[in-house]
Amino acid sequence: MWEIIKTSLPQLLAAGFKYTIPLAIISFFFGLIIALVTALIRLSRQRGAFMILKWIASFYVWLFRSTPLLVQLFIVFFGLPYLRIKGVLPHGIKLEPFTAGIITFSLNTGAYASETIRAAISSVPTGQWEAGAAIGMTRLQILWRIILPQALRVALPPLSNSFISLVKDTSLAASITIMEMFAVSQQIAAENYQPLLMYTLVAMVYAVFTTILSYFQGYLERVVDRQVNANNR
């Protein structure tokens, strides 16, 4: 058993640092950008043609929160090649596994995180907007200098939890042939016929990764709290 662990653990860690962590970080980065834009669109008071954008944003959030992540991965990787439009996409849309994973995880993260950011911005008292306007700040300046720093304090814990969940969700990328940690554990288990040992080992590696991230989350929250408290003095 120890011999299997000794030979398998380096392979799992290598897959984690090569695919699992980069996939999670890149997807979360783009997901946050999508989430912020979506949240701001949905919070906007603009009317007229802008309502179409609000409807699209709401539909996007509903769609990705209402369907399983695994199904979304299959649609992007296996389904889009069959989206053939004569003269425009004669061969469909064929994506590399890693690219398909980033697109899917980013869109999924963006849908969930947009609700977190929208709730955080809404939690800031309206008086903050009025105070900023009273001293001649534009709406964009108020948002950037007053609202978002306060919203960050509220949004940080759930967003951090979303990132930790995303690290674990990357195990689904094995289904579209990305050789991340879980895929490597499956491959090794098929070779040594020790599925219980291999799946337990990869579970422990995930647990170590998420524990480190949870510690970093607590540290980041304390830093943000100190900064916000310092600004309020």
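1. The secondary structure of this predicted model amounts to 8 helices and 0 strands, where helices (H or I, at least four residues) and strands (E, at least two) are DSSP runs numbered from the N terminus. Read from the N terminus, the order of elements is α-α-α-α-α-α-α-α. Residues are numbered from 1 along each chain as its sequence is written, and side-chain values use heavy atoms, with hydrogens and water left out. Because the model is predicted, local features need pLDDT of at least 70 and side-chain atom pairs count only at pLDDT 80 or more, whereas totals for chains, interfaces and linings use all residues.

2. As for overall dimensions, the C-alpha atoms of the chain fill a box of roughly 70 × 55 × 25 Å, taken along the principal axes. Of the 233 residues in the chain, 38% are buried, a class that means under 20% relative accessible area, with exposed meaning over 50% and partly exposed lying in between (1.4 Å probe, protein chains only). Among contacts (heavy atoms within 4.5 Å) between residues at least 6 apart in sequence, 72% join residues at least 24 apart.

3. Helix α4 covers residues 97-123, and its 27 residues reach 39 Å from the first C-alpha to the last, close to the 39 Å expected at 1.5 Å a residue; the expected span is 1.5 Å times one less than the number of residues.

4. Leaving aside neighbours within four places in sequence, P97 is in contact with F77, I176, T177 and I178. P97 and P195 are 98 residues apart in sequence, and their C-alpha atoms are 25 Å apart in space.

5. The largest nonpolar core has 35 residues, and those with the most contacts inside it are F105 and I147; such a core is a set of buried Ala, Val, Leu, Ile, Met, Phe, Trp, Tyr and Cys residues joined through side-chain atoms within 4.5 Å. Two or more residues of this core come from each of α1 (2-43), α3 (69-79), α4 and α6 (139-169), and α6 gives the most, with 12 residues. A second, separate core of 14 residues includes A15, V184, L197 and F209.

6. When neighbours within four places in sequence are left aside, F105 is in contact with L23, S27, L69, L73, L166, D169, T170 and A173.

7. The aromatic pairs come to 11, under the rule that rings of Phe, Tyr and Trp (its six-membered ring) pair if their centres lie within 6.5 Å, with planes under 30 degrees apart counted as stacked, over 60 as edge-to-face and the rest as tilted. F59 and W62 form a tilted pair, at 5.6 Å centre to centre and 35 degrees between the planes; because they are 3 residues apart in helix α2 (residues 50-66), about one helical turn separates them. F59 counts as partly exposed because its relative accessibility is 38%, and ring pairs link W55, F59 and W62 into a cluster.

8. Another tilted pair is that of F182 and Y199, with 5.7 Å centre to centre and 35 degrees between the planes. This pair links distant parts of the chain, since F182 lies in helix α7 (residues 181-192) and Y199 in helix α8, 17 residues apart. Both partners are partly exposed: F182 has a relative accessible area of 26%, and Y199 has a relative accessibility of 35%.

9. Helix α8 (residues 195-232) also holds Q217, which counts as buried because its relative accessibility is 12%. Not counting residues up to four places away in sequence, Q217 touches P157, S160, N161 and I164.

10. The unreviewed UniProt entry annotates "transmembrane region" over residues 20-41, 69-85 and 196-216; positions are given in the numbering used here, feature names are shortened, and annotations may be inferred rather than shown by experiment. In the model, residues 69-85 are 65% helix and 0% strand, with end C-alpha atoms 26 Å apart, while residues 196-216 are 100% helix and 0% strand, with end C-alpha atoms 30 Å apart. The annotation "domain: ABC transmembrane type-1", from the unreviewed entry, covers residues 17-214; over that span the chain is 78% helix and 0% strand, and the end C-alpha atoms are 18 Å apart.
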